[in-house]
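Have the sequence and the structure in view as you read.

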Amino acid sequence: MEYYVGVDLGTSSVKFVVLDESLKEVYALSRDLRIGFASDGSVLYDPEAVLRTVEGELRALSSKLGGDLYVGFSGHSPSLVVMDEQGRSLETIVWLDTRASSVLDEAAKLMGEKEWYYKTGLRLSPIFFPAKILWIKRFKPSVLERARWVAQFKDYVVYNLTKQAYTDYSSASETQLFNIRGFYDDEILGLLGLDGSKLFEPAASHTVLQHASNPRTWLVLGGVDSVVAALGGGVVESSTASLSAGSSACVDIPVARPVLDYEKGFETYYHVLPGWFVLEASLPSAGLTVDKVLELAGLERGVEEEVGLDKPSGLVLVPYLTGSRSPDWDSSARGLVYGLSLSTTRLDLLKAAYEGIGFWAREVLELSRGLGLEVRQVVISGGLSSSNLFNTITSSILGLEVKKPRVRDLSPYGAALLAAIGAGKIKFSDVPRLVEFEQVYSPRPELVVAYNALFQVYRKMKRVYKELGGIVE
């Protein structure tokens with residue numbers, strides 16, 4: 001008996017999904033992780049704790065199920081781990097960590113911003129590996145001197161389970177060390193003083209590796225969480241976008257070739273679909289914005305059921321609580337709220353948080369149209385998609401049909417499908433027919449008109465934060 005396991009290495013949790021030979025879910029589990037935020041922009045994250053969690057759960061699954069396990073992975077990205085010869089972390093800087101902002105000017109002096117972009121498909125940012133490596137070189141130089149490997153966090157986990165140094169193309173590509181034409185860029189490595197022998201070898205996302213200590217468990221490389229989620233939602237063509245909305249949010253549009261336009265601000269990198277790429281925009285604080293509003297307003301989770309859908313909130317919230325990634329690329333940006341009055345309620349503020357994420361997604365899709373892409377429907381996933389309020393608001397803001405898969409967490413599900421592909425059970429072309437949709441949300445005409453007007457206010461609000469010039473200390 002074979003089982004196909006999906007492991008999603010999330011920012012705040014690790015999720016497991018198990019499919020049987022008929023590709024039906026037979027088990028699911030989520031383990032919360034501790035994560036902390038410091039005033040200097042650093043994120044407190046324990047890689048060894050995550051590794052122990054994965055090791056322990058896979059042992060338990062192997063014992064409980066008694067069959068052969070094929071285990072696929074999705075992982076938060078770009079999250080850097082500097083490793084020693086034994087695979088231990090010497091330094092971990094996850095994607096949400098902004099410490100490297102202080103060395104961006106240094107990176108821009110090494111090579112012009114547009115050259116970075118047209119080489120790698122990625123704009124210069126503290127989130128990617130070059131800035132993080134420069135930060136380590138400046139503030140913790142001994143770490144790189146002792147390093148054997150420099151890897152993505154997902155690949156740190158897989159390496160410690162297999163003792164084999166492989167990464168998939170999506171994860172390699174989103175480091176910003178990888179040329180969009182399909183190889184580690186020697187010029188970039190030279191500018192950073194990074195030895196290419198410290199990087200994992202790229203391979204297809206469905207590549208299978210043997211577990212180092214369990215002969216009945218195989219590891220499948222998987223990929224970046226957002227594109228694995230897109231696969232799990234059956235998003236395999238350019239007319240459909242994936243909106244993954246958890247702690248962060250991503251809009252992913254599959255494209256058959258790299259689409260490079262510096263001014264539009266998208267990220268372009270390798271997909272887990274062989275030979276395909278992804279046009280991606282990312283919002284660092286989606287669910288995190290909702291969580292903060294719930295905290296500040298003293299509201300409990302589930303209270304959105306009390307929020308009416310007869311009209312918009314009357315507020316406009318720009319959800320840049322931890323800066324903006326693509327398409328704006330402004331790590332100093334912060335959230336703004338417009339429209340507060342004496343009649344504003346706590347529930348209005350919560351609705352405005354959902355609306356702000358929807359406005360961000362709408363702007364992304366409008367920018368994609370300028371690149372010749374016409375998205376006609378959206379597949380939604382992630383923690384926020386459990387809210388009918390959020391899904392209805394998003395459909396009405398986008399003016400598009402929003403489809404919610406039966407499977408809520410598409411990243412672990414997509415990882416399990418990659419495991420099945422690696423095992424030879426199915427092919428990539430089989431995936432769309434496997435996806436079942438629980439509900440389809442259509443735009444509400446009375447809301448579409450109102451949200452069209454508020455979207456214009458949202459765009460003006462973004463100009464306001466740019467004029468403010470960053471954080472007021």
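The notes below cover pockets, cavities and a sheet.

This is a predicted model, in which local features need pLDDT of at least 70 and side-chain atom pairs count only at pLDDT 80 or more, while totals for chains, interfaces and linings use all residues. Residues are numbered from 1 along each chain as its sequence is written, and side-chain values use heavy atoms, with hydrogens and water left out. The largest pocket has a volume of about 1000 Å³. The cavity count is four at 30 Å³ or more.

**Terms**

- Spaces are found on a 1 Å grid over the protein atoms alone: a cavity is a set of points where a 1.4 Å probe fits but cannot get out, and a pocket is an open set with protein on both sides within 12 Å along at least five of seven lines.
- Lining residues have an atom within 4 Å of a point.
- Grid points are joined across faces, edges and corners, and a volume is the space filled by probe spheres set on the points.
- Helices (H or I, at least four residues) and strands (E, at least two) are DSSP runs, numbered from the N terminus.
- Ala, Val, Leu, Ile, Met, Phe, Trp, Tyr, Cys and Pro count as nonpolar; Asp, Glu, Lys and Arg count as charged; the others, Gly among them, count as polar.

- The largest pocket is lined by 47 residues, and Lys15, Ala245, Gly246, Ser247 and Gly383 are the closest to its centre.
- Its lining has 14 nonpolar, 21 polar and twelve charged residues.
- Elements that each supply at least two lining residues include β2 (13-19), β3 (25-32), β16 (240-245) and α13 (410-422).
- Helix α10 gives the most to this lining, with four residues.
- The second largest pocket holds about 640 Å³.
- Of its 23 lining residues, Ala38, Gly41, Thr98, Thr322 and Arg334 lie nearest the centre.
- Here too α10 provides the largest share of the lining, four residues.
- This second lining divides into eight nonpolar, nine polar and six charged residues.

**Cavities**

- The largest cavity has about 70 Å³ of space.
- Its lining includes Phe129, Gln152, Asp155, Tyr184 and Phe200.
- The largest share, three residues, comes from β9.
- By class, the lining of the largest cavity has seven nonpolar, four polar and one charged.
- The second largest cavity has about 40 Å³ of space.
- Among the residues lining the second largest cavity are Gly232, Arg406, Tyr413 and Glu436.
- That lining splits into six nonpolar, one polar and two charged residues.

**Sheet**

- Strands of a sheet pair through backbone hydrogen bonds, either parallel or antiparallel.
- Two strands count as paired if DSSP finds at least two bridges between them.
- Strand β1 (residues 2-9) pairs with β2 in the antiparallel sense over six bridges.
- Tyrosine 4 has leucine 19 of β2 as its bridge partner.
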